[in-house]
Amino acid sequence: MAQPCVAEFVNRRGDPFVCSESKHGLSLSAEYTLSSPGVSFSTLICCTLAVWTFTYPVSTYAQAPALLASAAVVLMLGTFVYLHWVKVQHESILVISGTGVQLSTSFASGRCDTHFIEMDVVKDIVINEGIHRQEVIYYLCVLVRNDQKSDGLKAILPVFLAARPRLDCLRKVYRGCQEILHAEPNKSTCMMDH
């Protein structure tokens with residue numbers, strides 16, 4: 001496996017993220033991973049202190065210690081929901097020539113969602129444009145066919161929804177994906193032939 005190529009970019013909001021590219025097995029597959037900064041411990045502490053600062057005087061004045069306990073439980077549940085369903089650590093697309101495309105999303109809690117699309121139904125990977133809140137945005141998406149023989153689209157699956165990369169990063173990923181999608185597997189590298 002080759003050493004991954006790493007580059008830093010900023011997303012549409014101006015937040016930094018890292019894009020790493022890993023090519024595998026005679027360039028028959030490539031993986032592009034966009035990684036966001038981790039959860040800031042200081043931010044979690046500040047949120048906890050803010051909730052404590054607000055609820056402690058209120059619970060003392062109202063003589064209701066259950067209010068403080070309730071606020072602590074709500075804060076813990078809110079943190080769990082944020083880490084498990086909202087905060088995305090890594091998003092990746094793995095393109096394997098002749099096999100398929102795998103889309104993965106890893107959350108801060110360690111939960112990972114993976115979706116595999118067989119190459120028979122992948123029509124193409126494109127950079128699409130859309131309008132969001134009075135601005136034109138670009139996003140990478142996988143076009144999925146109805147079946148192997150038809151040209152009709154069954155779905156358009158956007159990639160890197162949480163990272164929201166700008167066009168410069170999308171172009172790099174697009175070019176690499178196109179190289180793999182349209183590469184013909186070299187028959188002489190097949191282990192069965194030797």
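Two strands are taken as paired if DSSP finds at least two bridges between them. In this predicted model, strand β4 (residues 88-96) and strand β5 (residues 100-107) are joined by 8 bridges and run antiparallel. Within this pair, valine 88 stands opposite phenylalanine 107 of β5.

Strands β4 and β5 belong to an open sheet of 6 strands with antiparallel pairing, ordered β1-β2-β3-β4-β5-β6. Its edge strands, β1 and β6 (112-118), each pair on one side only. On average, neighbouring strands of this sheet are turned by 15° against each other, direction ignored. Helix α3 packs on the sheet, where β1, β2, β3 (29-35) and β4 are touched, and the direction of α3 makes about 160° with that of β3.

Alanine 7 has cysteine 19 in β2 as its bridge partner. The hairpin of β1 and β2 has 5 residues between the strands, and glycine 14 in this hairpin takes a positive phi near 95°.

Another open sheet is formed by 3 strands in the order β7-β8-β9, again with antiparallel pairing. Here β7 (122-131) and β9 (153-159) are the edge strands, each pairing on one side only. Strand β8 (residues 136-145) pairs with β9 in the antiparallel sense over 6 bridges, and valine 144 stands opposite alanine 155 in β9. Helix α3 (residues 167-181) packs on this sheet, touching β7 and β8, and its direction makes about 165° with that of β7.

Technical notes:
Residues numbered from 1 in each chain as written. Predicted model: local features only at pLDDT ≥ 70, side-chain atom pairs only at ≥ 80, totals over all residues. Heavy atoms only, no water. Helix = DSSP H or I, 4+ residues; strand = E, 2+ residues; numbered from the N terminus. Contact = heavy atoms within 4.5 Å. Axes fitted to C-alpha atoms, helices over the stretch in contact; angles between N-to-C directions.
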